[in-house]
Amino acid sequence: FEAFPAAKELFVREDFASRMASSAEKYGVQEYFNMQSVKDQTLRNERTQSEIKVARTMWLCANSGASYLDPAVYRHWQFVEKRLKDGAEFRVVLLDPYSAEKRFRNQINVGGESFDSKVNIANLIKLHNTYPGLEIRFAPQGMHVTVFATERCLFLDPYHVGTVGERIENRSFA
C-alpha cells in the first residue's frame, strides 16, 4: 500500500462494491443502473425494451407512464405496441392526474400549473379502447417508485421530490 497508495483506495472501493453486490443479490438484484449516467440510462432502456419484446404479460405502476404509453416520448411505446398487437396483456396503474399527490408534485414540477402535460388522457383513452389487452387504472396516492415488470423480470425506479433547475429530478438509480 505504501508503494502504490492508489491500491488501498482500489481495495476499499472493490470491497465496498462487493458488499453491495452480495447484499443486493440476496434480493434478486441482477443489474444496477446509475440513471444520472447517459450510458446507464441507455443500457437500462435497452434492457427494458429487450424484456418487452418477449413479454406475454407486463405490469406498470408509475406517475404518468409516458415512457411506456406515449408515442411522442419515443422510448418504449413501439415495443409495447407490438406486444399488444401480438396479444400480450399490459396492466397499468398510474397516479390519478387529479389527485392531491399529483397536484403537490405539479406545484413543484410544472411551476404551480394545475396539470402535468406528461399525462395525455386522450391518448390513454384511445389506447385503452384500441388494445383489448391493455388495462389502465388510476390510484389517488402512493406513487413513490416506477415499477415495470414482466413474467421474467422487474425494473424499479424510485421517485422523490428533490429539484434541480426548478424541476423534480427523479434520475437516481434503477
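1. The model is predicted, so local features need pLDDT of at least 70 and side-chain atom pairs count only at pLDDT 80 or more, while totals for chains, interfaces and linings use all residues. Residues are numbered from 1 along each chain as its sequence is written, and side-chain values use heavy atoms, with hydrogens and water left out.

2. The largest nonpolar core has 27 residues, with Leu69, Phe90 and Leu134 having the most contacts inside it; such a core is a set of buried Ala, Val, Leu, Ile, Met, Phe, Trp, Tyr and Cys residues joined through side-chain atoms within 4.5 Å. Buried means under 20% relative accessible area, exposed over 50%, and partly exposed in between (1.4 Å probe, protein chains only).

3. Asn63, in the loop between β1 and α3, counts as buried because its relative accessibility is 7%. Not counting residues up to four places away in sequence, Asn63 touches Leu94, Leu95, Arg105, Met143 and Tyr159, where contact means heavy atoms within 4.5 Å.

4. The structure holds 11 salt bridges, each a side-chain nitrogen of Lys or Arg within 4 Å of a carboxyl oxygen of Asp or Glu. In one of them the side chains of Asp157 and Arg44 meet (2.6 Å, N to O); Asp157 lies in strand β5 and Arg44 in helix α2, so the pair ties together parts that are 113 residues apart in sequence. Helices (H or I, at least four residues) and strands (E, at least two) are DSSP runs, numbered from the N terminus.
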